[in-house]
Amino acid sequence: FRAHTAKELDGRAKAMVVTESRPAAVKYKRAIDRHIAEHHLTDIRALVAFSGTVEDDVEGPVTESTLNGFPESQTAKRFKGEDPYSPGDYQVLIVAEKFQTGFDEPYLHTMFVDKPLKGLNAVQTLSRLNRTIPGLKRSTFVLDFRNDAEDIQAAFQPYYEAKVVEPTNANVLYDLRGRVMA
């Protein structure tokens, strides 16, 4: 994140870690928080998002709220930095299904994928990155640990359409316009 994302979007870029399960999301949250603490990092904070309760070897039953320290109804708002929260408070969102689709955050720049993605689920997940910020968002970054590029390309293929138009003389188009408008 710090090497490829933190400086993007005028320093406001955010990342999503897509995990294959709720227990995996809990492990990622703990690992990222531990890394942040061990390296005394003050410019990055992580949130986790999942539904229900996870039986954890370390603490017993945990929820999104217990791991984040506030009600789960605030998770998306805090990650996005919606009023009354600051946009710079959280940079990484670890998800297990929740917010993997239908989540709209233009500052989401990077996705770390540790989950097999197929078909429409691949398209919907990776499309979280396609929200634009005019004049600011020129790139995105995906680091995928589980999927082959060919499989992801095949998942997008049904939604990709290209029209090939042969070059033509501009005068032909002008004449055609004149006939249509007459």
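Select helix H5 (residues 119-126), where the buried residues are Ala-122, Val-123, Thr-125 and Leu-126. The model is predicted, so local features need pLDDT of at least 70 and side-chain atom pairs count only at pLDDT 80 or more, while totals for chains, interfaces and linings use all residues. Residues are numbered from 1 along each chain as its sequence is written, and side-chain values use heavy atoms, with hydrogens and water left out. Buried means under 20% relative accessible area, exposed over 50%, and partly exposed in between (1.4 Å probe, protein chains only). Helices (H or I, at least four residues) and strands (E, at least two) are DSSP runs, numbered from the N terminus.

Contact here means heavy atoms within 4.5 Å.

**Thr-110.** Stay on strand S6 and pick Thr-110. Thr-110 counts as buried because its relative accessibility is 0%. Its side chain makes a polar contact with the side chain of His-109, at 2.8 Å. A polar contact is a pair of N or O atoms within 3.5 Å; within protein, one must be able to donate a hydrogen and the other to accept it, and residues adjacent in sequence count only if both atoms are side-chain atoms. Leaving out residues up to four places away in sequence, Thr-110 touches Thr-5, Lys-14, Ala-15, Met-16, Leu-129 and Phe-141.

**The cores.** Next, select Met-16, Phe-79, Leu-93, Val-95, Phe-99, Phe-103 and Met-111, which touch the most other members of the 22-residue largest nonpolar core. Two or more residues of this core come from each of S1, strand S2 (46-49), helix H4 (75-80), strand S5 (92-95), S6, H5 and H6. A nonpolar core is a set of buried Ala, Val, Leu, Ile, Met, Phe, Trp, Tyr and Cys residues joined through side-chain atoms within 4.5 Å. Centre on Phe-79: apart from neighbours within four places in sequence, its contacts are Lys-14, Ala-15, Leu-47, Tyr-90, Gln-91, Val-92, Leu-93, Phe-103, Glu-105 and Leu-108. Ala-15 and Val-92 are among the members of a second, separate core of 19 residues, which also includes Ala-25 and Leu-41.

**The largest pocket.** Select Phe-1, Val-17, Ile-32, Val-92 and Phe-112, which lie nearest the centre of the largest pocket among its 15 lining residues. Helix H2 (22-38) and S6 each supply at least two lining residues, and H2 gives the most, with four.

**Leu-67.** Move to helix H3 (residues 64-68) and pick Leu-67. Leu-67 counts as buried because its relative accessibility is 15%. Leu-67 and Arg-30 are 37 residues apart in sequence and 8.7 Å apart in space, C-alpha to C-alpha. Not counting residues up to four places away in sequence, Leu-67 touches Val-26, Lys-29, Arg-30, Val-48, Phe-50 and Val-62.

**Backbone stops.** Most residues other than glycine have a negative phi, and most peptide bonds are trans. Show the peptide bond from Asp-83 to Pro-84: this bond is cis, with omega near 15 degrees. Pro-84 is in the loop between H4 and S5. Then go to Asp-10 in helix H1 (residues 8-11). Asp-10 is not a glycine, yet its phi is positive, about 55 degrees. Asp-10 is exposed, with a relative accessible area of 67%. End at Glu-97, in the loop between S5 and S6, where phi is again positive, near 75 degrees.

How values were computed
1 Å grid on protein atoms, 1.4 Å probe; cavity = no way out; pocket = protein on both sides within 12 Å on 5 of 7 lines; lining within 4 Å.
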